[in-house]
Amino acid sequence: MSEKPGSGASGFDRRAFMAGAAGSALVPMAARAAAQDASVPAARDPALPVDVTLRVNGKDSRLRIDARTTVLDALREHLKLTGSKKGCDHGQCGACTVLIDDRRVVSCLTLALAAEGQEITTIEGLATDDRLHPMQQAFVDNDAFQCGYCTPGQIMSAVACVKEGHAGSEADIREYMSGNICRCAAYPNIVAAVKQAAPEIMKG
Amino acid sequence: MTAAAPEPKANMGHPVPRYDAAAKVTGRATYASDMPLDNPAYAFLVTSAIAKGRIDGFGLDDAKAVRGVIDIVTHENAPKLKESKLFSNGGYAGTTIQPLKSADIAHDGQIIAVVIAETYEAAREAANRVKVSYTAVEPSSSFDSPGTTTAAAKGQNAQFKEDPEAGDFAKAFDQAEVKLTASYATPTQHHNPMELFTTSCAWMGDNLVIYEGSQYVYGLKNGVAEQLGIDADKVRVVNPYVGGGFGSRGSMTPRTAIIAGIAKRLNRPIKLVPTRDQGFTIATYRAETRHEIRLGAGRDGKLMALRHEGAEVSSRPDAYCVGGTKTTTRLYACPNVSSLVSIVRADRNTPGFMRSPPEVPYLFALESAMDELAVKLNMDPVELRRINDTTVEPIGGKPYTSRSLMACFDEAAKTFGWSQRSPQPKSMSDGDWLVGYGCAATCYPTQMAPSAARVRLQRDGRTRVEIAGHEIGTGAYTVIAQTASERLGVPLEKVAVFMGDSDLPPAPVAGGSNSTASTCSAVMMVCDQIRQRLFKAVMPGDSLADKAKETVGISQTPSTQAAKSDRPLDIEKAFDALGVGVVEEYGEWKPEGAPLDSFKAMHSGHARLIGGPEMKDKIAYAFGAEFVEVRVNRFTHEIRCPRLVGAFAAGRIMNPRTARSQLMGGLIWGMSSALLEATEIDERNARYVNDNLADYLVPVNADVPNVEVILLSEQDEQINPAGVKGLGELANVGTNAAICNAIYHATGQRIRKLPVRLENIEV
């Protein structure tokens, strides 16, 4: 986050401040966390809880949450489904990838309210009856992870990548798996895993 | 065997799948911020918008008005914390800049307030509404900024003991037939592990539990206890899984004790999830460096003179440096050597270790210079390394315990097809693409540290290993389980491993590539204690040394042991003789040459790493050779790296699968370091500009080329009982130079400053 230099919302008078700090450098007056313009007229207090029903892995859960809660934070902080990970909260890393109505979505950029009535699938919902999903098994077989933090997002993305028809070649897999960063750089093994699992997933 | 699980060669373990694989692919692996807390409050950090100066005051009314805000902590009301010294001066901290202590600001992005609220969303909003007025002073941001101070590292950093030298450099350089003088530079880089720098703290009475991704739970436990002024036994750090470390979680950051103090005051668990951009300034980073290399050689290529000067940026209060001359002055046979490392102090957060801290910048300089020298000599760069290969390091005259550098060069060259290279620059192309081949040596010191372990064996063979090691993606669970399985002769699936908890027996920091060597040596020793007890029970007249080696196969590969008998020792008979249901042993292992106070230091969270060039009468390194193909588009100057080949020798390979993955990741790290990664600094404000994962470039899948890892068989019995050299930081060292050398070959342009971007190419 970066501040807005000289933001009028600061509550401090910029000129008075500068006069008072004569000789010091011109500096932004807000803290680095100050990114929002507080002068926007207040609507409904967003911190007032709202009721939302989320359908996750085939199960409905009724939540009373802050209206700004993302799907990621709803899963992690309210439903205790911590498989989906927060790596950036900006949609830049893919660690939070889930399926919403079978499409891959970065859950950190999706509000929980906006996902109401849709089917959310997380890493916890992929295996059936203690049997690993073919993509999970392929990740194990091909050592497609090291620290494992990006892995739930990689696997959810990989499942969608195959179903989208984007796993036809290694080049395709590389391209369509590029929204998920793996800092350990298990990439060649991830490509091998997607290749291994694709035929089985397409068979259904 | 898949590519992921290479067939083991001599002195390699089985490429079994990871112990933690199922947990990691199902989302069941619990990282620090996944740990359940009872009714937590949420913390959000406010960080400084200036790099130097002081806070004149806060405007907190707007922030406090946000529904759900519980408290706002600034230097005016923060919990009082004791200071902790820098880890290199006998403390635990990665920085001595302690936020929330006064109104002073020492660097951009310093923590200046912590907002606590009922929800994450409320804490974030309130943090955004905190107003701060500052008196700012113009900061010094880096090397060329006015106001920095520069001094030799020796004398100000306890871990940098000497500027290595030998013979008479000045005279030898003067007389050399072929001379090279060249300057190199490397940028600021940030680790950016995928897991954010989260901290959760919960008190139960006087006892504190900390959930935080850490590469050193004993260091963090003792450090936080010191800052809080409480008994270290009251603090427990738990992190069974760590979402990447790369050095960023090796030393204590200021955030932990702050959150612990606030949780105590509020009598409530606190969960902090900092943002990605805050991670750039609340933890450490790899500082930018500059180098001047001078090489003097005969026409035959023999090095006669070598000088390496390095300069590194650090913060105002802390003399951190990596000092890689300890390696670069010893890598090749050269009788006349001198060196100097300097530290430049600027208004920055204190840097710290990042994967292969000394070797990445310092070998980039040396291995680039070696390539430049080969060009001057009109000599194949591989042959130049061969001519200067040595079994004895030139500074102290100590022998390498083993050194497979040229074997690695030859193996990698063959696989890569180095003989297809036409030596002249700009002589190879493919359509619009200029093609270049380059290579470089890679190496990393073999290090060990004292470690303890507890092992429990049940009558049915079930085994439980307890050790406060760290799973940062290296495969620590897996190789420890394999070690116990092999040593006790029990099936791998019967072994359970518990790590990442400071209530377990202490293990050293997961850094300096020492973990496998240290923890596996300790686990081996404790398994032997168990076997000793069992053998004594069934064969009271025999000593372990006589019998056990033959029957249980201490130094044998597990396959030969299994082939002999699936139960070399009748465990049930031994348990009957002992008359017990469980045999449990605890033991403490220390490497050869460890000082007397090593175990005391181990328990108090001070990891004393021993090895590399600092052993008494020998020197121990792992080696490798890396070859790359680079393609530079002659019109757009786009740089691509379609092939990376590395051959590595690192003593016993515990598991070829996890070893290959780490080395592969390391090669990609090296490619990333050469072509992508740099933290850009706004020099006016001493501020990191690209502090997010969209602007700080790390490789994505489409960036990653064909990577080939070759594991060479190597046996070294002089290093540690496990025979392990460590390889987590081996592969990303040579790649920077290999890629720049390949770019030179492709374009005729020598680039001495990283990273290389298309705007740097002037074809």
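In strand β15 of chain B, V341(B) is the bridge partner of G310(B). That pair belongs to strand β14 (residues 303-315) and strand β15 (residues 336-346) of chain B, which run parallel and share 11 bridges. When I say that two strands pair, I mean that DSSP finds at least two bridges between them. Helices (H or I, at least four residues) and strands (E, at least two) are DSSP runs, numbered from the N terminus.

A quick word on what we're looking at: this is a predicted model, where local features need pLDDT of at least 70 and side-chain atom pairs count only at pLDDT 80 or more, while totals for chains, interfaces and linings use all residues. Residues are numbered from 1 along each chain as its sequence is written, with chains lettered from A and ligands numbered from 1 in the order in which they are written.

Back to our strands. Which order do the strands of this open sheet follow? In chain B the order is β7-β15-β14-β13-β8, five strands with mixed pairing. At the edges are β7 (149-152) and β8 (178-186) of chain B, each pairing on one side only. From one strand to the next, the twist averages 15°. Helix α9 (residues 359-377) of chain B lies across β8, β13 (289-297) and β14 of chain B, at about 145° to β8(B). For such angles, axes are lines fitted to C-alpha atoms, for helices over the stretch in contact, and angles run from 0 to 180 degrees between N-to-C directions.

What do β19(B) and β20(B) form? They make a hairpin with four residues between them, and in its turn G461(B) has a positive phi of about 95°.

Last stop: two helices. Helix α12 (residues 476-488) and helix α13 (residues 515-538) of chain B pack at an angle of about 30°, their axes 9 Å apart. α12(B) and α13(B) are therefore roughly parallel to each other, as angles under 35 degrees count as roughly parallel, over 145 as roughly antiparallel, 65 to 115 as roughly perpendicular and the rest as oblique.

Technical notes
Two residues are in contact if their C-beta atoms, placed from the backbone, lie within 7 Å.
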